[in-house]
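Subject: Structure handover

Hi,

Here is the structure I promised to pass on to you. Have a look first, and my notes follow below.

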Amino acid sequence: MVEMTMQIPDELAAQLRPLNGYIPTVLELSLAGFRTLATETATEIVEFLATSPSPQEIFHYHVSERAQDRLQRLLALNSAGLLGESEQLELDELEKIEHILISLKARLAAQNNHQTVAS
């Protein structure tokens, strides 16, 4: 893993402080280049991480019911072969978001296992 140091304005530092150890995930979500309503789901996750959740809370976290319903609708349309181009883009972006969230949970699980073994 690469360690990076950067200078940022005090105002931005104050906004990032609550995100604590989740800044890599926030950056990953930000760089994914979302162009559809999937940005609402990404924003929802960032707002959750800004609450400084415990690893246990992150393991149990799920996006809102609204976001889950939208994903289910897109998956149903996809199965029926009825997805338009913009809906396909949104589905692809939601899959990226899901991958990022699963990766975060996997990193936390690995850290937890490492801490348990070291104890």
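A pocket here is an open set of grid points where a 1.4 Å probe fits, with protein on both sides within 12 Å along at least five of seven lines, and its volume is the space filled by probe spheres set on those points. Please keep in mind that this is a predicted model.

**The second largest pocket**

By that definition, the second largest pocket holds about 310 Å³ of space. It is lined by 14 residues, and Val63, Gln68, Leu71, Glu98 and Leu101 are the closest to its centre. Helices α5 (65-79) and α6 each supply at least two residues of this lining, with α6 giving the most, six residues. By class, the lining of the second largest pocket has eight nonpolar, four polar and two charged residues.

**The largest pocket**

The largest pocket has a volume of about 610 Å³. Its lining is made up of 20 residues, and nearest the centre are Gly21, Ile23, Pro24, Thr25 and Leu27. The elements that give two or more residues to it are α1 (10-16), α2 (23-31) and α6 (85-118). Here α2 gives the most, with six residues. The lining of the largest pocket divides into 14 nonpolar, five polar and one charged residues.

**An aromatic pair**

How many aromatic pairs are there? The count comes to one. The ring centres of phenylalanine 48 and tyrosine 61 are 4.0 Å apart and the planes are at 15°, so the pair counts as stacked, the cut-off being under 30 degrees. Phenylalanine 48 sits in helix α3 (residues 38-49) and tyrosine 61 in the loop between α4 (55-59) and α5, so the pair ties together parts that are 13 residues apart in sequence. Are these two residues buried or exposed? Phenylalanine 48 counts as buried because its relative accessibility is 17%, and tyrosine 61 is buried too, with a relative accessible area of 10%; the cut-off for buried is under 20%.

**Threonine 36**

One more residue to look at is threonine 36, in the loop between α2 and α3. Threonine 36 is buried, with a relative accessible area of 16%. Its side chain makes a polar contact with the side chain of glutamate 93, at 2.5 Å. Leaving aside residues up to four places away in sequence, threonine 36 touches Ser86, Leu89, Glu90 and Glu93.

Methods. Residues are numbered from 1 along each chain as its sequence is written. This is a predicted model: local features need pLDDT of at least 70, side-chain atom pairs count only at pLDDT 80 or more; totals for chains, interfaces and linings use all residues. Side-chain values use heavy atoms; hydrogens and water are left out. On a 1 Å grid over the protein atoms alone, a cavity is a set of points where a 1.4 Å probe fits but cannot get out, and a pocket is an open set with protein on both sides within 12 Å along at least five of seven lines; lining residues have an atom within 4 Å of a point. Helices (H or I, at least four residues) and strands (E, at least two) are DSSP runs, numbered from the N terminus. Ala, Val, Leu, Ile, Met, Phe, Trp, Tyr, Cys and Pro count as nonpolar, Asp, Glu, Lys and Arg as charged, and the others, Gly among them, as polar. Rings of Phe, Tyr and Trp (its six-membered ring) pair if their centres lie within 6.5 Å; planes under 30 degrees apart count as stacked, over 60 as edge-to-face and the rest as tilted. Buried means under 20% relative accessible area, exposed over 50%, partly exposed in between (1.4 Å probe, protein chains only). A polar contact is a pair of N or O atoms within 3.5 Å; within protein, one must be able to donate a hydrogen and the other to accept it, and residues adjacent in sequence count only if both atoms are side-chain atoms. Contact means heavy atoms within 4.5 Å.
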